[in-house]
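Good morning, and thank you for coming.

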Amino acid sequence: MSPTNLDRIFIVGLTGGVAAGKSATAQRFAALQVPVFDADIAAREVVASGQPALAEIIETFGTTVTTAQGELDRTRMRELVFGNADARHKLEAILHPRIRARLIDQVSACTAPWCIVAVPLLVEAADDYRWVHRILITDVPREVQMQRLVKRPEIDAVMAANIIAAQAPRAQRLSAADDVIDNTGPLTALDNAVARLHQRYGLSARAEG
């Protein structure tokens, strides 16, 4: 389905550096009954057992990236691609077109006046998401990203640094933003920021409609 079919709905692209609070922000919009279409969920769906993407990943990287049950071993895949740009680009070439197509289908079927599309690499793949009308960035300094990442299972300081390095620099993300949420504060601050933007985006959707 062509992205030109999406003109009838106001689309906010939500992104941010890893561990900057994109998922927490998306959850708060969803709690306000805003449709949220998440690239991370789409990514899990397109690599499910039996999906063509999983077969292509195995063909490209070998069976060492799968579990004994034949499912994608996410930990092994993460270790392989972060810190290895060539491997990461091969994986992205397999996944990103499928993820994008799934998001387009989901947004096209949406009947609400506006929605959120949450995409971790939205800025990096900006040309592929020109159908997004506004870009919202959740932002924290790099040191906060590092602190949050190393608290996650199986991520040490080296892996955390590699994951951050694989994304666009913070300055590039911020320069692409129409709106920015500073997510270094308490959760109540995030609640308030989302509430304000929810009202603003609703007004924008009605104005464009």
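This is a predicted model: local features need pLDDT of at least 70, side-chain atom pairs count only at pLDDT 80 or more; totals for chains, interfaces and linings use all residues.

Helix 8 spans residues 170-176 and holds arginine 173. This arginine is buried, yet it has no salt bridge. The nearest side chain of opposite charge belongs to glutamate 124, at 4.9 Å; a salt bridge would require the nitrogen and oxygen atoms to be within 4 Å. What arginine 173 does have is a side-chain polar atom 2.7 Å from the backbone oxygen of alanine 168. Leaving aside residues up to four places away in sequence, arginine 173 touches Gly16, Gly17, Val123, Ile137, Gln145, Gln167 and Ala168.

I turn now to the nonpolar interior. In soluble globular proteins, nonpolar side chains tend to be buried together. Here the largest nonpolar core has 39 residues, and those with the most contacts inside it are Ile11, Ile57, Leu95, Leu103, Val107 and Trp131. At least two residues each come from helix 2 (39-46), helix 3, helix 4, helix 5 (85-108), strand 3 (114-118) and strand 4 (134-139). Which element gives the most? Helix 5 does, with eight residues. To take one member, leucine 103 touches Phe37, Asp38, Ala39, Val117, Val119, Tyr129 and Trp131, again not counting residues up to four places away in sequence. Apart from this core lies another, of 17 residues, including Phe10, Ile181, Ala193 and Tyr201.

Which strands pair with strand 3? Strand 1, residues 10-16, pairs with it in the parallel sense over five bridges, and valine 12 stands opposite isoleucine 116. Strand 2, residues 36-38, also runs parallel to strand 3 and is joined to it by three bridges; there, phenylalanine 37 stands opposite valine 117.

In strand 4 we find leucine 136. Is leucine 136 buried or exposed? It counts as buried because its relative accessibility is 0%. Leucine 136 and alanine 177 are 41 residues apart in sequence, but their C-alpha atoms are 5.8 Å apart in space. Among the residues that leucine 136 touches are Val12, Phe29, Val180, Leu197 and Tyr201.

Finally, the charged side chains. How many salt bridges does a search of the whole structure find? It finds 12. In one of them, arginine 28 and aspartate 191 meet at 2.6 Å, N to O. This pair links distant parts of the chain, for arginine 28 is in helix 1 (residues 22-31) and aspartate 191 is in helix 9 (residues 187-208), 163 residues apart. Aspartate 191 counts as partly exposed, at 36% relative accessibility.

Arginine 78 forms a salt bridge with glutamate 154, with the closest N and O atoms 3.7 Å apart. Arginine 78 lies in helix 4 and glutamate 154 in the loop between helix 6 and helix 7, so the pair ties together parts that are 76 residues apart in sequence. Arginine 78 is partly exposed, with a relative accessible area of 22%, whereas glutamate 154 is exposed, at 57%.

The last pair, lysine 90 and aspartate 86, meets in a salt bridge at 3.5 Å, N to O. Both residues lie in helix 5, four residues apart, about one turn of the helix. An α-helix has 3.6 residues a turn, so residues three or four places apart point the same way. Lysine 90 is partly exposed, with a relative accessible area of 40%, and aspartate 86 counts as partly exposed at 49%. Salt bridges that share partners also join Arg134, Asp179 and Arg200 into one network.

Definitions and conventions
Residues are numbered from 1 along each chain as its sequence is written. Side-chain values use heavy atoms; hydrogens and water are left out. A nonpolar core is a set of buried Ala, Val, Leu, Ile, Met, Phe, Trp, Tyr and Cys residues joined through side-chain atoms within 4.5 Å. Buried means under 20% relative accessible area, exposed over 50%, partly exposed in between (1.4 Å probe, protein chains only). Contact means heavy atoms within 4.5 Å. Two strands pair if DSSP finds at least two bridges between them. Lys and Arg count as positive and Asp and Glu as negative; His and the chain ends are not counted. A polar contact is a pair of N or O atoms within 3.5 Å; within protein, one must be able to donate a hydrogen and the other to accept it, and residues adjacent in sequence count only if both atoms are side-chain atoms.
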